[in-house]
Amino acid sequence: MLFELLYSNGTFRHKNTMVYSWLAPWAALPEGSAKTFHQQLQQELTPLHPLYGIPALPIGKNGGTDDVLYQLPDQRFAVVHLVWTRRGDSEYPQTNFFDNWTAFVTQRMELDNVGYES
């Protein structure tokens with residue numbers, strides 16, 4: 001898998017060659033919105049948070065919540081509930097880790113999809 005998180009002249013770029021299948025309310029991030037979610041995560045993280053210092057690539061969002069799915073360089077995934085109001089601490093923003101895509105799908109996305117109506 002190719003995972004890149006690059007900064008060039010202050011510009012955020014990423015390349016993710018994986019194609020994922022999504023179940024509502026989860027969806028891939030719209031083109032151009034990854035920068036916003038990346039910057040917001042960086043604003044909320046403190047050195048106490050388990051994601052601090054880890055390059056996290058925003059790839060999806062739950063349309064019914066402020067939960068964003070980030071792909072990590074070690075093939076894990078993290079669902080982060082962004083707070084949008086303040087810096088976090090060791091507990092916030094609330095984060096759940098998944099060992100791989102399949103774990104995210106079965107332990108989170110499929111559960112969020114049960115009974116979901118758009």
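Modeller: One definition to start: two strands pair if DSSP finds at least two bridges between them. The model here is predicted. In it, leucine 69 stands opposite valine 79 in strand 6.

Colleague: What makes strand 5 and strand 6 a pair?

Modeller: Pairing asks for at least two bridges. Strand 5 (residues 67-71) and strand 6 are joined by five bridges. So they count as paired, by the definition. The two strands run antiparallel. Aspartate 67 has histidine 81 of strand 6 as its bridge partner.

Colleague: What lies between strand 5 and strand 6 in their hairpin?

Modeller: Five residues. Among them is glutamine 75, with a positive phi near 80 degrees.

Colleague: How do you know that strand 6 pairs with strand 7?

Modeller: Again, at least two bridges are needed. Strand 6 and strand 7 (residues 94-98) have five, in the antiparallel sense.

Colleague: Why is strand 6 called largely enclosed?

Modeller: Buried means under 20% relative accessible area. Four of the five residues of strand 6 (residues 77-81) are buried, so the rest of the structure largely encloses this strand.

Colleague: In what order do the strands of the sheet stand?

Modeller: The order is 3-4-5-6-7. The sheet is open, has five strands and pairs antiparallel.

Colleague: Why are strand 3 and strand 7 called edges?

Modeller: Strand 3 (26-28) and strand 7 each have a single partner strand, so one side of each has no neighbour in the sheet. On average, neighbouring strands of this sheet are turned by 30 degrees against each other, direction ignored.

Colleague: What packs on the sheet?

Modeller: Helix 2 does. Contact means heavy atoms within 4.5 Å. Helix 2 touches strand 3, strand 4 (57-62), strand 5, strand 6 and strand 7. The direction of helix 2 makes about 125 degrees with that of strand 7.

Colleague: Why is arginine 108 called buried?

Modeller: The cut-off is under 20% relative accessible area. Arginine 108 has 15%, so it counts as buried. Arginine 108 is found in helix 2 (residues 101-113).

Colleague: Which residues is arginine 108 in contact with, leaving aside neighbours within four places in sequence?

Modeller: Trp26, Asp67, Val79, Asn96, Phe98 and Ala103.

Colleague: How many helices and strands are in the chain?

Modeller: Two helices and seven strands. From the N terminus on, they run β-β-β-α-β-β-β-β-α. Of the 118 residues of the chain, 39% count as buried.

Conventions:
Residues numbered from 1 in each chain as written. Predicted model: local features only at pLDDT ≥ 70, side-chain atom pairs only at ≥ 80, totals over all residues. Heavy atoms only, no water. Buried < 20%, exposed > 50% of the residue type's maximum accessible area, 1.4 Å probe, protein only. Axes fitted to C-alpha atoms, helices over the stretch in contact; angles between N-to-C directions.
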